[in-house]
Amino acid sequence: MQELFAQELRVANVGLTGFAENLRHAGGQVVELDWRPPADGDIEAGRALAGLVNDARVEQANRIAFARYLDAQPVLIDVLTAGQAIAALHGEQRILHAGPPIAWAEMCGPMQGAIVGAMLYEGWAHSAEVAEVMAAGGQVAFEPAHHHHAVGPMAGIISPSMPLWVVENSVTGDRTFCNFNEGLGKVLRFGANTPAVIERLAWMGTELFEVVRAAVAQIGGLELKPLLARALHMGDECHNRNAAATALLCKHLLPAMLSDGSPMDALRRVTDFIMGNDHFFLNVSMAACKSMLDAAAGVAHSSMVTVMARNGVNFGIQVSGTGEEWFQAPANPVDGLFFPGYNVQDAAADLGDSAITETAGLGGFAMAAAPAIVQFVGGTPADATAHSRRMHTITLGTNPAFTLPALDFGPTAAGIDARAVADSGVLPIINTGIAHRHAGVGQIGAGITTAPMGCFVAAINALSQRRRADPDHDPTGLLPADA
Amino acid sequence: MIVKHRIVPNVYQDSVALMVVSSKLLALDGIDAASVVMATPANLENLLAAGLGGHQPAKPSDLLVAVAGEDDACEAALELAAELLAATPGIEGPSTKGTLTQPRPSNLQRAVAADPALNLALISVPGPYAAAEAMKALRLGLSVMIFSDNVSEDHELVLKQYAARQGLMVMGPDCGTAILNGMPLGFANVVRRGPIGVVGASGTGMQEVTSRVHNLGSGISQALGTGGHDLSEAIGGLSMLTGMAALDEDPDTEVIVLISKPPSPSVAATVLHRARELRTPVVVVFLGADPASFTGHGVQAALTLADAADAAVAIIEGRPPPPPPPPTAHIAPDSAAALTAAIDALHQDQQAIRGIFCGGTFCYEAQVLCQRQGLSGGSNTPIAGNTKLHNNAEDAGSTHTFIDMGDDQFTQGRPHPMIDPSLRDERVAHEAANPGTAVLLVDVVLGLGSAADPTSGLIQALNRGRHDAAGPGRQPIVIAHVCGTDGDPQDRARTVSALQAAGVTVASSNAEAARWAAFVATTVTGRTAAAVGGAG
């Protein structure tokens, strides 16, 4: 205490502004906090949170998790069918979906529609009606893709015959997976399951699969971080804008496809398909992000967020210190613009695993890289820059591999700290497309949403419980719950 | 000339940014060539051609620094490169685009990250959130002042025990006043720095002592609040003991003043025991406790806040301590003469003291001093021996009343009367018009945090009350005490003049004001008794 008498008093003012003014009036040094009740005003969670602040175990765990994320080196190494890549899909009547676990009856329209489409594609049912009865009757197993190191945009449906991008973290040898992007319009990921959709899936699972697989093999391992980094400098944020990254991917794929002897008409169909879809790279970006975050997962006591994903009903997150435990809350509404003829009543709740990009420091966190899409959702480039800056207040650090020209080549914010979210009210922002709530209508808009606070509050409570249960923990510095 | 390299694995930066780094390296003395590039095959060929080859294997995703020159210069250049590459432009400070400013930190962790020299958190958030903020501050290495109240005893204890382990201090909860290193925290008066250190469980008690020390020409080294609950059995005076030890170590503190309402007996014993062990002389005021019961052996006991300040200044000035106060009323003869004249103008039905206070400790001290002269009464915050008044303490009849307008019942959903005295002023008008009021006793608390003008409204209220009173023969005597200094924004001298001009008798301390009020009440009671006796 007496050390303080010898120092210049520097006060953090938490609460009444008048006290800060008095200090300034007296010539004192004062930092005023922009305080609001933590954890959305959940008092007990706020106390649990206080017990995790500057905790030696948590800080050390976060350093480890964050370093593993930074060190990860995702490399595109292969293309496999889901049945080949994921043991749980091999010969099983199982389908993976986006977001946290959800039962068939609870699923939103687009997800049910996409599952029906996948069952038709797999030949497990010959009509939508039969597929629905089978799904409702428990004849098909459903699991989050995240449970198998996989991700998928929107409905995120992965069935055994679908081709997957295979990304390997060359540091650890661990693999992650994402399905292929079908393009825009009536597509499975928005719940469409018409014959045209199924035919396209069939072609993607055969000709596209063969050609791209051969090309990827020819490339012999494509490092994805430098590619993502360049795309950020070319106007992509690698979630809702992938035009540059798709072109960069093609710079590698096309020479490889041309040199591996595939028939020219097949190559033409494949290149037409890829060139016609500016989002073709999105799914590669997602697999790369999943790879970086899988590296950070499972560090006991770490409060780093490793998954953010939506199943069309709930938003779910995972944090490193609690492994595969999901913390869920109803998804927040999307603040967006709608295509002509649609409005917010038509919108499905926020959907898809693509928020893995924000979790990895891209997407909304790198919004300053992509002024074009900020304009699309009604913002200005200054808004984009502000978003990217604000995210620095909730992350463990920055990723020097991903820099933003608009921030004077400053690095993106990365490694969301669940504590910081709960203690600031600053929610991770997510760039997102908006699906029609009815299956198969497709994308009806795009916009910005946020991860709901409830997920982070639940995570804090779980981390706190584990921290208190740790036999090595220092029992002081923890506030007891109210009697 | 030699060539040196450094590989920064797995980091991408734009080539333009890297050229800037390269040019800065090249500008160093003793450097003949420098290049910072992504280790792509094309860049590696260029390096080789420029005589900068010969490095360890690097991947295209690695960043490669190559420098040529004198040995020491190369080392310096590699260090500078690491520094420049590690710098994170664009996140901190305003953008070069000039459109954004740094937002205020949203939590303590961010605040400390941005300013690691922070050393105190002043917490005034709603009570249920205060303990959590305090714990965060302690965990981040900050001492804490908790202005908020409604913090549970459990939490107070945990916070104070944790702070003790970390070598930090918790002032509060419910700590209204402190002065640290000359800086005002919460409600505080502008006082000069000096040799007297204060540890107090009462905010207004500390304001009275620190202001009086200043007004006597001395000054305050530190004034540490403990919060009103610190000297309870459960908390055991943890903050007071910490504060005493810190002041004892402080070379700028020559006398320590301890201020509290009477602590629990065991805590009082602990505090006094520790006080006697200190090298620094200690003045103790446990309001309401008999000073004779604990004075001596390095501890000087004071009956009142003013006495404590006087005793501390006397020690500093090397004067003998003032004599212990006599057990019964005494006021200066000239004061008595002036008051007697005013008492003569009172109507025979005007018998009661009406004390209307902003400062809870002033209300408490007034009750103590009146009781010592046989004047018991009622209060919304009664001391032992006085009765508890309910219903906002109105309709007390002819009994003496002492109302703490800062008590919870008056502050639900509205600011404390020190900040907004309007409710207190209304009550003053009401009691001034009360035909039974002999003497109206009020406090005016100045200082930072207090109302910018606490006087005008009070005078208007008095005039309103006097107007409503039954007539010139029913005007009560008004005694006020002004707690503050001439350095306060409200200016003590100006405040006193305004009150005197409005016909208010201004005492030099709360104790003096209370004694004057007691003199008035005992005088009118005696006169009535004599009159009744005479009639018989």
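Which side chain meets that of Lys136(B) in a salt bridge? Hi everyone, let's start with that one. The partner is Asp423(A), with 2.7 Å from N to O. Please keep in mind that this is a predicted model.

That pair takes us to the interface of the two chains. Between chain B and chain A, the rule finds four salt bridges. On the chain B side, 69 residues are in contact, and they meet 72 residues of chain A. How much area is buried between chain B and chain A? It comes to about 6,500 Å², and carbon and sulfur atoms give 62% of that. As a reminder, the accessible area lost when parts come together is often quoted as the size of an interface.

The structure holds nine cavities of 30 Å³ or more. In the largest cavity there is about 120 Å³ of space. Which residues line the largest cavity? Among them are Tyr121(A), Ile157(A), Met162(A), Pro163(A) and Phe180(A), along with Leu188(A), Leu201(A) and Met204(A). Glu182(A), Arg189(A) and Asn179(A) are part of the lining as well. Sorted by class, that lining has eight nonpolar residues, two charged and one polar.

One last stop, over in chain B. Ser232(B) sits in the loop between β10 (220-225) and α8 (238-249). Is Ser232(B) buried or exposed? Its relative accessible area is 17%, and the cut-off for buried is under 20%, so Ser232(B) counts as buried. Leaving aside residues up to four places away in sequence, Ser232(B) touches Glu153(B), Gly237(B), Ser264(B) and Val267(B).

Note on methods. Residues are numbered from 1 along each chain as its sequence is written. Chains are lettered from A and ligands numbered from 1 in the order in which they are written. This is a predicted model: local features need pLDDT of at least 70, side-chain atom pairs count only at pLDDT 80 or more; totals for chains, interfaces and linings use all residues. Side-chain values use heavy atoms; hydrogens and water are left out. On a 1 Å grid over the protein atoms alone, a cavity is a set of points where a 1.4 Å probe fits but cannot get out, and a pocket is an open set with protein on both sides within 12 Å along at least five of seven lines; lining residues have an atom within 4 Å of a point. Grid points are joined across faces, edges and corners, and a volume is the space filled by probe spheres set on the points. Ala, Val, Leu, Ile, Met, Phe, Trp, Tyr, Cys and Pro count as nonpolar, Asp, Glu, Lys and Arg as charged, and the others, Gly among them, as polar. Helices (H or I, at least four residues) and strands (E, at least two) are DSSP runs, numbered from the N terminus. Buried means under 20% relative accessible area, exposed over 50%, partly exposed in between (1.4 Å probe, protein chains only). Contact means heavy atoms within 4.5 Å. Buried area is the accessible area (1.4 Å probe) that two parts lose on being put together, summed over both.
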